[in-house]
Amino acid sequence: MTIITQKIYYSIVNYVILNNCFIFYILLTLMFLMREFMNFKKCQNPDCLERSVINSDFCFDHSKDKPSIIIQAKKIISDNDILKSYNFSKIPLSNSDFTGKSISQCYFSHCDISDSNFSNAIIISSMFDFSTLTGTIFNNSQIKLSVFGGVDFSTSQFSDTILVFCNMLGANIKSIRFENCDLSHSRLINSINDDVTFFNCNLKKTVFNNITFNLKSLKSSNCDDIIRLDFTDDTVVEDNI
Amino acid sequence: MKVFTIINPETISNIYFITDDNQKYGIIIDPGSFAINVYKEIKGIGAEIKMIIVTQNIPSKTRGIPLIKKIYDAEILSHNTDILNYKSKRIKEGDLITLGEIAGNVLETHLLSFDSISLVFGNSIFVGNLMEAGKFNSFKRSDKKSLIINQIIKKYFIELPYNTIIYPGKGPATTMEIELNFNPYFIRMKDANK
């Protein structure tokens, strides 16, 4: 009984803080104010526009010793608690363990990171665009100002996750249950969001263009604080739901 | 060249600080109110502000300039020649901006106002309030604006490499690849070109 009461109390407090306190955002931003964005060398292949990956002068596609790069990437991930300014783009990294790691300014573009674990991780200003993140666990992680455009999140777990100021354009969040999550200021335009559930989530200024909330989401999250964009042929209308 | 993003806590908008590789000097784009935390972060980076670029002459982007001018000997660049009470160097379409090893050029993206510009530095484009991830920022529900957006996309964005990082004035960064696939404006443009 006590545990249930504590949980309810915690969720109410969480909800009130997340929903109504503008200072919370300021504190969040003050805590993680500075974000140095990535500065990687270009792939040495003259026709390539990609950036070079870790320990290589080439992008992953043009690297000659791909197995070695995969091993090195996995070693870097397992050996370091802080991952800063690494380019892992296109390197297959499925079943990796990022638990409790601090990840900032890293590239995971077009990576296969399926069935990985990001529990308790802090992810700031990192790029995961067009990656496969199926079956990945994001419980208790804090993700800010990161790019998840075109990512496949199907069967991933989001519980007590902070996912603010994130770019999730076109992300596949079909049938995902977000539980006690903060998705404020994140952008989910053109996301695949059929049957998604937001339970006790903060959706303040979360941007959607095509979303139908189920009863559970409407009752337990601040769905009326989202920004819904209605794109028609020549105009865009912005309104709250 | 390094790009730092600092959040302006008053308006929850982005301030960008571009420095050389050794973080000795830099350009600040849209300094906002230049709150104390922003100053501390810039001090932490260690680079001296040599140049201020304003992408649009509105108070939320310029309010902190007097303070910056007191601390640093920084030149102001904008499309508008008067920023607050300071004379600024006018920059226009195609102008090259150089500061040591940092080099970029100017695009006149007059969507929001006559003086709104965008800046291309390396494989990054700083668009100010022109757009946010997934949408362009002026939708006054008029066909004229829509037409201007189409012109801007055609003229400046379609030709950019797909891995160009777009740094908007508000919200998270995005890439051309994401925008081409999921931004309704770009999708419409692609469909029209088919």
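Author: Let's start with a pair of strands: β12 (residues 124–128) and β15 (residues 165–168), both of chain B, run parallel and are joined by four bridges. Strands here are DSSP runs of E at least two residues long, helices are runs of H or I at least four long, and both are numbered from the N terminus. Two strands pair if DSSP finds at least two bridges between them. In this pair, Ser124(B) faces Ile165(B) of β15(B).

Reader: Before we go on, how are things labelled, and what kind of model is this?

Author: Residues count from 1 along each chain as its sequence is written, while chains are lettered from A and ligands numbered from 1 in the order written. It's a predicted model, where local features need pLDDT of at least 70 and side-chain atom pairs count only at pLDDT 80 or more, though totals for chains, interfaces and linings use all residues. pLDDT is the predictor's confidence in each residue, from 0 to 100. Chain B has a mean pLDDT of 86, with 95% of its residues at 70 or more. The model scores are ipTM 0.85 and pTM 0.85.

Reader: Which strands make up the open sheet of chain B, and in what order?

Author: Read across, the six go β9-β10-β11-β12-β15-β16, with mixed pairing. β9 (96–99) and β16 (174–175) are the edge strands of chain B; each has a single partner, so one side of each has no neighbour in the sheet.

Reader: How does β9(B) pair with β10(B)?

Author: Antiparallel, over four bridges, with β10(B) spanning residues 102–108. Leu99(B) has Ile102(B) as its bridge partner in β10(B). The two strands form a hairpin with two residues between them, and Gly100(B) in the turn has a positive phi of about 60°. Next along, β10(B) runs antiparallel to β11 (residues 117–121) of chain B, joined by five bridges. There, Glu108(B) is partnered by Ile117(B) in β11(B).

Reader: What about the β6-β8-β9 sheet in chain A?

Author: Those three strands form an open sheet with parallel pairing. Three bridges link β8 (residues 177–179) of chain A to β9(A), where Arg177(A) is partnered by Thr197(A).

Reader: And helices: which residues of α1(B) are buried?

Author: Count C-beta atoms, placed from the backbone: 20 or more others within 10 Å means buried, 12 or fewer exposed, anything in between partly exposed. In α1 (residues 36–45) of chain B, Val38(B), Glu41(B) and Ile42(B) are the buried ones. Down the axis of α1(B) they fall within an arc of 100° (taken from the directions from helix axis to C-beta atoms), so they line one face. Ile36(B), Lys43(B) and Gly44(B), on the other side of α1(B), are exposed. Just past α1(B), Gly46(B) has a positive phi of about 95°.

Reader: Where does Asn80(A) sit?

Author: In the loop between α3 (66–79) and β2 (82–84) of chain A. Asn80(A) is partly exposed, with 13 other C-beta atoms within 10 Å. Its C-alpha atom lies 9.9 Å from that of Ile103(A), 23 residues away along the chain.
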